[in-house]
Amino acid sequence: LEESRVIGKDMHQCSFRKTELYKMAWGKMALQRFMLCGAPYGGALALTRDPDKIVFADANMNSLQIFTSSGELIIRRDWRDQIKIMGWTVDERLVVVYDDGRVNVLNIFGKVIREFNIHRFIERAVIYSTGVVLYTEAGELVAIEDLNSVHGTNQIKPQGFEGLQAPPTCMAVIEPRFTGHGVEVLLATVDGDIISVTQDSVTCMKSSAAGRIELMSVSPDGQMLAVYFETGVLRIIDIDNMGGPTRALDTHDKRLPKQLAWCGNVAVVVCFIMDSRDGSDEYEKDMLLTITLDSDFDEYR
């Protein structure tokens, strides 16, 4: 415990530390070249080539691989299709979304157990614990809230919503278990506004002075929204009071983070991919930011 660091104040104090529990069985793996997602509660890890990275002469780069959380290979399958995004459901099914509108649901052994196709190109997609939401090239919102049924697709089109003038810069989802009335989709516009869309309504939270929104993440309890701006400012917004006061921190880093994620409901992790000093390789740098109710941030790198 002497390596732990206490961050936060008073009753909102938390202790964090980084420690290596074990060596990963996969050995040296250049994870920055892959799209990677982990199943909830320390479950399986899925890896495939990151489409934004240069393809190297490596057989692993054109495959979908599923590992245990300790890095033991479960399955490797050839996978030539262009994956848009992938993620795990709460019951450890892997959801794979393709650019052309196809959605596959796989079990932990890489077998396709369900297929969907909305026949429209996908601009953005969010996979959540029980489903997936798609934003199409035509500005349509399509939700697949029942992954067990081939008829589970549902277009979200409240009166007055005709899509955005330009594709959203990012997207987040508030799950039905938190809303009580179906999935709620949050779309970030190029002007820095946040548009909230449900089956019955569409509302807009006007832009602050922080600029374009690059990443958004909803807290595990569905109460708060972490928003990362192109200027390096991180804001925390109360979802029940979207137009109210926000808590903000300037990270002084203008690079686009690799990931913005919550650590419980008290902290946000911002992960950057960094170039090594000699330019020969890349490595990750993460920044752990705690949010306390008295509007203060503390930082643990």
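Is Lys 258 buried, partly exposed or exposed? Lys 258 counts as partly exposed because its relative accessibility is 38%, where buried means under 20% relative accessible area, exposed over 50% and partly exposed in between, with a 1.4 Å probe and protein chains only. The model is a predicted one, in which local features need pLDDT of at least 70 and side-chain atom pairs count only at pLDDT 80 or more, while totals for chains, interfaces and linings use all residues. Residues are numbered from 1 along each chain as its sequence is written, and side-chain values use heavy atoms, with hydrogens and water left out.

The structure holds 9 salt bridges, each a side-chain nitrogen of Lys or Arg within 4 Å of a carboxyl oxygen of Asp or Glu. One of them pairs Lys 258 with Asp 50 (3.0 Å, N to O). Lys 258 lies in the loop between β22 (247-250) and β23 (259-263) and Asp 50 in the loop between β4 (45-49) and β5 (63-67), so the bridge ties together parts 208 residues apart in sequence. Strands are DSSP runs (E, at least two residues), numbered from the N terminus. Asp 50 is buried, at 7% relative accessibility.

Another salt bridge joins Arg 177 to Glu 175 (2.8 Å, N to O). Arg 177 is exposed at 57%, whereas Glu 175 is buried at 11%. Elsewhere, salt bridges with shared partners link Asp 81, Asp 100 and Arg 102 into one network.

Ser 196 belongs to strand β17 (residues 194-197) and is buried, with 9% relative accessibility.

Technical notes:
Helix = DSSP H or I, 4+ residues; strand = E, 2+ residues; numbered from the N terminus.
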